[in-house]
Amino acid sequence: MATDTLDKKHTDTGTDNGSWEGAEYPFKVGYGKLMIWYFLLSDAFTFAGFLIAYGTLRFSTVSWPVPDFVFSTFPFLGPHHPLLFVTFMTFVLLFSSFTMIRAVQEGHRENRKGVVIWMALTIVGGAGFLGCQAWEWTTLIGEEHMSVTTSPFGRHTEAGIYLDATGKESSETFEMGTSYLIHKASFESAKPAGGHESGEVNEGGHETPTGEASHAAEGTAESHGNGAEAHGGHSYAAPGDYPDAVVDERGYIHRKYLVASGTDSGVIKSEPFGPKAFGALFFFITGFHGFHVFSGVIFLTIIMINVISGIYVKRKNKNEMVEKIGLYWHFVDLVWVFVFLVFYLL
Amino acid sequence: MSHDYSVAKKIALKTILILAVVTVIEVMVALTGKGYIIQGHHWPKALMNAIMIGGSLYKAYLIVFEFMHMKYEARGLMMSVVLPIGLLIWAIISFLYEGNAWKNNRLFVKEREKMEVTSQQ
């Protein structure tokens with residue numbers, strides 16, 4: 001009975017080739033592919049929300065650090081190579097995007113060997129990108145001492161002159177809008193035993209700085225070189241108020257300066273930390289993107305193994321699974337275009 | 001497939017080269033405009049931002065329409081994915097405006113605090 005009516009309907013509609021009966025794919029793509037598109041759309045909104053939050057907070061402060069100052073280190077070459085390393089990272093991801101599309105094209109031809117080779121190269125590219133990001137994070141956390149809540153990168157909101165070790169004006173001046181990095185002194189060995197720490201100046205520790213502490217201070221000065229010469233080998237063995245800087249309990253050296261412009265002209269100030277949200281936004285957004293790359297690498301590996309096993313040949317759908325992971329992988333590249341724009345270029 | 005294998009291969013190669021060139025141009029604009037390549041040579045911020053945002057949108061178009069094959073999909077699918085993105089236009093404008101308002105309010109409060117201190121003296 002039921003089949004009867006169905007058959008009748010078919011003949012009745014004539015020109016209708018069954019759109020309402022499930023005989024045809026809406027939008028002419030399979031269910032999985034359609035749904036991965038809608039998943040990517042929702043993911044695009046998630047990333048857009050994060051990047052818009054970044055923009056809002058950046059617009060709300062006057063001391064946001066300039067990206068080409070923050071991201072200027074390169075492996076083996078050190079600082080003063082603005083944006084070079086992130087450009088390299090972008091090329092790694094672009095390369096893997098190209099190998100991915102080649103894998104999809106070979107999949108359409110049912111060329112199993114070609115798919116596996118190009119997918120393997122894509123995995124290498126993705127893993128390479130993750131390695132680059134690991135290096136970038138390590139440098140920011142380990143050498144420049146950035147954390148989720150502390151940004152040693154700041155930006156001057158007025159012009160000024162740095163003070164030297166005797167508390168007098170040095171020859172080093174800066175303009176309004178110049179970015180700075182707050183270096184960190186290492187005085188682990190000078191810390192009193194038992195973890196009893198306070199803001200007091202440890203006189204003895206100051207007079208005879210341990211070799212390790214002075215060495216560490218020189219090391220950080222060399223590693224980022226931003227006007228570090230002015231320290232002139234001056235090392236801080238303990239937290240306290242020095243003529244040329246305030247060293248806080250965690251060892252961050254807030255250099256003192258004489259304000260030379262604006263309403264506070266003539267006042268002596270010490271460099272404050274950069275905007276608190278900077279570290280959280282950077283680590284969270286690039287971390288979230290990195291997590292996408294990481295899960296993409298995992299899925300690529302699984303699907304590549306499936307291709308080798310020949311499971312998609314039996315499905316006879318031109319390796320649609322490769323196409324689906326391809327869509328995801330290109331999306332990860334697409335997000336990076338905007339992360340790159342917002343974090344590193346603007 | 002609306003085009004055959006060798007044509008698709010050529011398009012992929014061409015697209016990746018355009019993407020690479022646009023990226024290099026963006027970075028060069030960022031560095032030149034901020035005075036890294038020619039000392040003391042600066043470009044207006046608005047011009048630099050326009051080039052970099054325009055370049056990124058073009059890159060996004062190439063990735064979605066060529067690499068992700070959106071160009072060759074049904075029109076309805078394209079519309080259902082691309083049109084909702086338009087919602088972000090207002091989100092960007094309103095939130096950046098909001099952020100700017102926070103900054104102005106903060107500066108205003110700071111100014112007022114200073115005024116009160118001087119009037120007390």
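**Figure 1. The two domains of chain B.** The centres of domain 1 of chain B and domain 2 of chain B, taken over C-alpha atoms, are separated by 35 Å. Domain 1 covers residues 1-74 and domain 2 covers residues 86-121; such bounds come from an automatic or database domain assignment. The model is predicted, and local features need pLDDT of at least 70, side-chain atom pairs count only at pLDDT 80 or more, and totals for chains, interfaces and linings use all residues. Residues are numbered from 1 along each chain as its sequence is written, while chains are lettered from A and ligands numbered from 1 in the order in which they are written.

**Figure 2. The contact between chain B and chain A.** Here 42 residues of chain B are in contact with 40 residues of chain A. Two residues are in contact if their C-beta atoms, placed from the backbone, lie within 7 Å. On the side of chain B that touches chain A, at least two residues each are supplied by helix 1 (5-33), helix 2 (45-67), helix 3 (75-85) and helix 4 (87-120) of chain B. Helix 1 of chain B gives the most to this side, with 12 residues. Helices (H or I, at least four residues) and strands (E, at least two) are DSSP runs, numbered from the N terminus. By class, the side of chain B that touches chain A holds 29 nonpolar, 6 polar and 7 charged residues. In this classification Ala, Val, Leu, Ile, Met, Phe, Trp, Tyr, Cys and Pro count as nonpolar, Asp, Glu, Lys and Arg as charged, and the others, Gly among them, as polar.

**Figure 3. Helix 4 of chain A beside helix 1 of chain B.** The axes of helix 4 (residues 84-108) of chain A and helix 1 of chain B come within 10 Å and cross at roughly 170°. The two helices are therefore roughly antiparallel. Axes are lines fitted to C-alpha atoms, for helices over the stretch in contact, and angles run from 0 to 180 degrees between N-to-C directions. Angles under 35 degrees count as roughly parallel, over 145 as roughly antiparallel, 65 to 115 as roughly perpendicular and the rest as oblique. From helix 4 of chain A the contact includes A:Phe91, A:Leu94 and A:Arg102, and from helix 1 of chain B it includes B:Tyr5, B:Lys9 and B:Ile16. The residues of this contact divide into 11 nonpolar, 4 polar and 2 charged.

**Figure 4. The two domains of chain A.** Chain A is divided into domain 1 (27-149 + 278-345) and domain 2 (154-273). Between them, 12 residues of domain 1 are in contact with 9 residues of domain 2. The side of domain 1 that touches domain 2 has 6 nonpolar, 4 polar and 2 charged residues. Chain A as a whole has 10 helices and 8 strands.

**Figure 5. Strand 7 of chain A and its partners.** Strand 7 (residues 253-259) of chain A is mostly covered, with 5 of its 7 residues buried. A residue is buried if 20 or more other C-beta atoms lie within 10 Å of its own, exposed if 12 or fewer, and partly exposed in between, with C-beta atoms placed from the backbone. Strand 7 runs antiparallel to strand 2 (residues 160-163) of chain A and is joined to it by 3 bridges; two strands pair if DSSP finds at least two bridges between them. In strand 7, A:Leu258 stands opposite A:Ile161. A:Leu258 also stands opposite A:Ile268 in strand 8 of chain A, and 3 bridges join strand 7 to strand 8 (residues 268-270), again in antiparallel fashion. Strand 6 and strand 7 of chain A form a hairpin with 5 residues between them, and A:Gly251 in the turn has a positive phi of about 100°.

**Figure 6. Two loop residues with positive phi.** A:Glu110 lies in the loop between helix 4 and helix 5 (112-143) of chain A. Its phi is near 60°, a positive value in a residue other than glycine. A:Glu110 counts as partly exposed because it has 13 C-beta neighbours inside 10 Å. B:His69, in the loop between helix 2 and helix 3 of chain B, has a positive phi of about 70° although it is not a glycine. B:His69 is buried, because 20 other C-beta atoms lie within 10 Å.
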